[in-house]
Amino acid sequence: MLWTHTFIPTLKETPADAEIISHQLLLRAGLIRKLTGGLYTFLPLGLRVLRKIETIVREEMNRAGALEVLMPALQPPEIWQKSGRYESARDVFFKARDRAKKEWILGPTHEEVITTLVANEISSYRQLPRNFYQIQTKFRDEIRPRFGLMRAKEFIMKDAYSFDASDEAAQASYQKMYDAYVRIFQRCGLKAMPVEADTGVMGGKFSHEFMVPAETGESEVAYCETGDYAANVEKAISRLPSAEPPAAEQNSRITQHASLPEKFATPGVLTIDALTKAPYNVPAEQQIKTLVYLVESKIVLILMRGDHQLNEAKLTGTLGTGNFRAATEEEIFSALGAHPGSLGAVSVTKFRVYADEMLRGGRGMTTGANEDGFHLRNVSVERDISVAKWAELRLVTAGEPCPACGQPLKIRRAIEVGHVFKLGAKYSEALEALFLDEAGKQQPAIMGCYGIGVTRTMQAVIEQCQDKDGIIWPISVAPFTVCITPLNINPGNPLILLAEKLYQELLSRGVDVILDNRDERPGVKFKDSELIGFPIRVGIGEKSLARGEVEIKRRGGVLIPIKAEEAVGKVLELLKQ
């Protein structure tokens, strides 16, 4: 490709609305342009990168035995109603109406569509296993589109769906896709970390996210440096010990029933921190925090240790629904007769109580008395509170012991680029994707689903592979792998003649090469080459050519003077490294 035959509108200045480095470089390197918030046009170089990532994804999906299909982007709402997600996912829908006023949904994902297909086409265990995938545009009504391609209203995704006759077979399908994802991200030049993840509105049994460590990432990952454990903080657990009675109680050998809850005045005390101070001096870990939520319009109480924070993703899994919110102060007072700061669950039987596992066994605890200005001390959680369900509800923090090896956990930000789910029979039962087993009995297919954000992966590569001068593309996904830069492009000049010769030789060897034949100053050409991030640049200047040499430079590396006749061989050697 000749530079003058394509369109690469590089920018010297950083656009004001580009918040993170990868978004800035996408724009400055002329890869994309913004139409409006969350919508972008891919320019020629950006599209070349995108297509290379898609090729890698296709090759690995095919290698894993998946079959490519292409499903409609426009979906009838009835299938979402059958799956039960029409309400739970409604906030992300883009909807349209046809001339008959019928409602349609622009697909944010395709579980319902593919399961409907399988329900109509597969009826016997002999037709299983099957795995279908597509690479297609998705539409989601993001509340706050930001960070370029990271959080957009329209994006390209690879989504795959496996169907198996048994849970054991489904696990094998899951592992094949997990392994394929590892290969995909390695081939894209990404250091992606597989972590345990929450299943969210997808439902299902378990899942893994593939995370690219980056300070600008919107997710947080808890991990152990030994490599024994990694999980999204929404899913992460630790080996932190459960609540223990205070030392004085442990040493007194008083039975659990000897010290009953005792009410004491706490005027003006409305926070955990206030109760830790004199004259009360109750450590936060000896306090019970009572949170009041409305779950599908019903009041429930959530109990946490005073020094812990609620993880709402874990709460979603515990409740089995995402349809909940924190109660208002008025709703709280109406239900419990007290305001926030004086709330507790002792002797409460009217409302369902969920307690974090860290409170199990807690004695000598302090909690609100459900009377403004009063608390209760000497509370034994399991004796004095009717807990309907114990669950892991808290947010893990850095420094807590790893659940696998006990070493301190670390937390860092990361970008999610892929997600694999083991769904079970959630969708196949709802949408009747059933088959006859070997005994002639009807069974629901066991499903898995597997997504890769193709456009997001493109930006994640930039986020991880860049320096002060611009992008450093891995060879596998670079828009062009070699840029030839002659500093004189006048017809008949030895520099341009050599450049054209090298260009043709590299093309004949199958190299993806661009010849910068612009009539620009050397500084402009070099800066654009660095900004865009071509992996290898072949510079041809008058001084070096006078010595019979050209200068080869790997992006981010040093200049390598080499004889002109050896240049093609050296480039091919570098491309193999």
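Which strands does helix 14 (residues 494-508) lie across, and at about what angle does this helix run to strand 27? In the predicted model, in which residues are numbered from 1 along each chain as its sequence is written, local features need pLDDT of at least 70 and side-chain atom pairs count only at pLDDT 80 or more, whereas totals for chains, interfaces and linings use all residues. Side-chain values use heavy atoms, with hydrogens and water left out.

Helix 14 lies across strand 27 (482-486), strand 28, strand 29 (536-540) and strand 30, and runs at about 165° to strand 27. Helices (H or I, at least four residues) and strands (E, at least two) are DSSP runs numbered from the N terminus, and angles, from 0 to 180 degrees, are taken between the N-to-C directions of axes fitted to C-alpha atoms, for helices over the stretch in contact, where contact means heavy atoms within 4.5 Å. Helix 15 (residues 522-532) lies across strand 27, strand 29 and strand 30, at about 175° to strand 27.

The strands concerned belong to an open sheet of five strands, ordered 28-27-29-30-31, in which the pairing is mixed; two strands pair if DSSP finds at least two bridges between them. Strand 28 (513-515) and strand 31 (559-563) each have a single partner strand and stand at the edges, so one side of each is left without a neighbour in the sheet. On average, neighbouring strands of this sheet are turned by 25° against each other, direction ignored. Strand 30 (residues 549-554) runs antiparallel to strand 31 and is joined to that strand by five bridges, with Lys553 standing opposite Leu559 of strand 31.

Ser544, located in helix 16 (residues 542-546), is buried, with a relative accessible area of 6%, buried meaning under 20% with a 1.4 Å probe and protein chains only. A polar atom of the Ser544 side chain lies 3.1 Å from the backbone oxygen of Gly541. When residues up to four places away in sequence are not counted, Ser544 touches Glu549, Val550 and Glu551.

Elsewhere in the chain, strand 19 (residues 374-379) pairs with strand 13 (residues 262-265) in the antiparallel sense over four bridges, and Arg377 of strand 19 is the bridge partner of Glu262. Strand 19 is also joined to strand 18 (residues 365-368), again antiparallel, by three bridges, Leu376 of strand 19 being the bridge partner of Thr367. Strand 18 and strand 19 form a hairpin with five residues between them, and Asn370 in the turn has a positive phi of about 55°.

Key: Buried < 20%, exposed > 50% of the residue type's maximum accessible area, 1.4 Å probe, protein only. Polar contact = N/O pair within 3.5 Å; in protein donor to acceptor, adjacent residues only side chain to side chain.
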